[in-house]
Amino acid sequence: MPPPATDRHRAAVLGSPIAHSLSPVLHRAAYAELGLTDWTYDRFDVDEAALPGFFAELGPEWAGLSLTMPLKRAVIPLLDGISETAASVDAVNTVVFGEDGRKTGDNTDIPGIVAALREHGVEKVENAAILGAGATASSALAALARICTGEVTVYVRSGARAAEMRGWAERLDVAVRIADWADAGEALRAPLVVATTPAGATDALAAAVPERPATLFDVLYDPWPTALAARWSAYGGAVVSGLDLLLHQAVLQVEQMTGRAPAPLAAMRKAGERALADR
């Protein structure tokens, strides 16, 4: 099957810092598997100040962009429109360029979280816990709005973060209880725990993992496993990693940018695991 009739064969991931990104590995693996030999995918270190200038230089050969921090909100004013999913959390991680030049933003992190959990057998939960309240936590909350039938408890370190999460909960129509980080050990008894914190932030919680844990979704993937994920797995609990999230959101990006579906998840996973093993 030939690639879609388009002259747009360039894509890239933007962010700052960006050297660590696995996105080029995943997208290039997809292109190779799909036979898109004339497609390229690069990475560019771009911060918020440089983003408008980068957009101004884009030519008609561009098909799409992946965006990571700190650009997920900064990009919105530069776009012609965004999806309902992206609007729900004011965050865009995917830009697709139409044949007419229209630039449309989407958020594949949210359905990516849902898909990664589904792949591990988690489709519905009665309640859940989120560790942390940063940028990723809002996407996690939006994903839980789709699969959690009850209350989500969010463990935070500051009053400002608590207020932010209450705002997101109201906007997403999710029942949320805010709890202090000092009590985060209690979160580990939930049927689904989503850890959205930076590396090392949950290490001290490993000692609090219960004897029969349920499912942990830790959004980190390097270094892996985290201390929490390692203890969780050792106790027989199900663990979903940040690589799972990265893969599933990238699958959706490949499909949107190339017009080819389904994207080759297995080939992308193999490439990502090999790249991580080589680090």
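Predicted model: local features only at pLDDT ≥ 70, side-chain atom pairs only at ≥ 80, totals over all residues.

User: How many bridges join β1 to β3, and do they run parallel or antiparallel?

Analyst: Strand β1 (residues 10–15) and strand β3 (residues 62–67) are joined by five bridges, and the two run parallel.

User: What is the strand order in the sheet?

Analyst: The sheet is open and has six strands, in the order β2-β1-β3-β5-β6-β4. The pairing is mixed.

User: Which strands stand at the edges?

Analyst: The edge strands are β2 (40–45) and β4 (81–82). Each has a single partner strand, so one side of each has no neighbour in the sheet.

User: Which strands does α1 lie across?

Analyst: Helix α1 (residues 23–34) lies across β1, β2 and β3, and its direction is at about 170 degrees to β2. Helix α8 (residues 242–258) also packs on the sheet, where α8 touches β1, β3, β5 (94–97) and β6 (103–106). The direction of α8 makes about 15 degrees with that of β5.

User: Changing topic: how many salt bridges does a search of the whole structure find?

Analyst: The search finds ten salt bridges. One of them pairs the side chains of Asp-42 and Arg-10, at 3.4 Å from N to O. Asp-42 belongs to strand β2 and Arg-10 to strand β1, so this pair ties together parts 32 residues apart in sequence.

User: Which residues are linked with Asp-42 in a network of salt bridges?

Analyst: Arg-10 and Arg-28 are linked with Asp-42 in that network. The side chains of Asp-42 and Arg-28 meet at 3.8 Å, N to O.

User: Is Arg-28 buried, partly exposed or exposed?

Analyst: Arg-28 counts as partly exposed, at 45% relative accessibility. Asp-42 is partly exposed at 23%, and Arg-10 is partly exposed at 27%.

User: What about Arg-269: with which residue does it form a salt bridge?

Analyst: Its partner is Asp-244, and the closest N and O atoms of the two are 3.1 Å apart. The pair links distant parts of the chain, with Arg-269 in helix α9 (residues 265–278) and Asp-244 in helix α8, 25 residues apart.

User: Does Asp-244 count as buried or exposed?

Analyst: Asp-244 counts as buried, at 8% relative accessibility. Arg-269 has 19% relative accessibility. Buried means under 20%, so Arg-269 also counts as buried.

Note on methods:
Residues numbered from 1 in each chain as written. Heavy atoms only, no water. Pairing = 2+ DSSP bridges. Helix = DSSP H or I, 4+ residues; strand = E, 2+ residues; numbered from the N terminus. Contact = heavy atoms within 4.5 Å. Axes fitted to C-alpha atoms, helices over the stretch in contact; angles between N-to-C directions. Salt bridge = Lys/Arg side-chain N within 4 Å of Asp/Glu carboxyl O. Buried < 20%, exposed > 50% of the residue type's maximum accessible area, 1.4 Å probe, protein only.
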